[in-house]
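This report describes selected features of one protein model. Please examine the sequence and the structure before reading on.

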Amino acid sequence: MKVNDIIIDQILHVPGPAKHYDSGEDEDAGLFKKLFSKKEKEPKDTFYTSRIKEFGRDVLYDELLRGYDAYKIDKAPLDTMIILTENYLIIPEHEVFPLETLRKFALYTSWNVCTEYAQAREGCPYDPDYVSEYENEEAFELGRFEIRLILTDNFKQRYQHFIFMEVPDRKDFHQGIIDRCPRADDYTSEDVLEGGYFEDGDQDRDRL
């Protein structure tokens, strides 16, 4: 479903210095001081936070303020959201991609989807509390919405992301990329837009 009320600070969080307990460098310091003295330490950046810093948190914040198309499965975790601004694709906790560098892209079906389970639950909204009659099948509940998003930039660097998106949102999201990136070549499979599933040989037909 489309989301119109995202919390920007949740999307663009960049952790500040973290406090940790340091054993201390002063050999003469008491044991109590060594154990409980606090020292500021910069947290290690993830790929996602490094991308935010690369493009500028303020720039991305202003982008989101100007408008966005956001897609999320109802009741699913925040990091399954997909956001398109005028100039960026944002996958919270995973990716910030500048659309001006996009040269090729595709949406493909995912080989991770349990087809039998997905077909049995087809048309049913995501339910994190769903209990299957078969043991451990609940693990497939969110996974039945998984598809692959493949991006190639102007340096011929290829990025593949496994994203989660309801079938009714896929065409809109797909068109949103086309509208923002008219120079990018589109290799999207029609199957994924219609809600199809991965079949043997699909991987061989990937052209990105």
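## Helix H3

In this predicted model, helix H3 spans residues 47–55, and its buried residues are Tyr48, Thr49, Arg51, Ile52 and Phe55. Viewed down the axis of H3, these buried residues fall within an arc of 155°, so they line one face of the helix.

Just after H3, Gly56 takes a positive phi of about 95°.

Strand E9 comprises residues 146–153, and eight of its eight residues are buried, so the strand is largely enclosed by the rest of the structure. In a regular strand the side chains alternate between the two faces of the sheet. In E9, Glu146, Arg148, Ile150 and Thr152 point one way, while Ile147, Leu149, Leu151 and Asp153 point the other way; all are buried.

Strand E8 (residues 102–109) runs antiparallel to E9 and is joined to it by seven bridges. Within this pairing, Ala106 stands opposite Ile150 of E9. Seven bridges also join E9 to E10, and these two strands are likewise antiparallel. Here Arg148 stands opposite Phe162 in E10. The hairpin of E9 and E10 has four residues between the strands, and in this hairpin Lys156 takes a positive phi near 65°.

## Cysteines

How many disulfides does the structure hold? The number is zero. Cys181 is buried, with a relative accessible area of 5%, whereas Cys124 counts as partly exposed because its relative accessibility is 29%.

Key:
Residues numbered from 1 in each chain as written. Predicted model: local features only at pLDDT ≥ 70, side-chain atom pairs only at ≥ 80, totals over all residues. Heavy atoms only, no water. Buried < 20%, exposed > 50% of the residue type's maximum accessible area, 1.4 Å probe, protein only. Arc of directions from axis to C-beta. Disulfide = S-S within 2.5 Å. Pairing = 2+ DSSP bridges.
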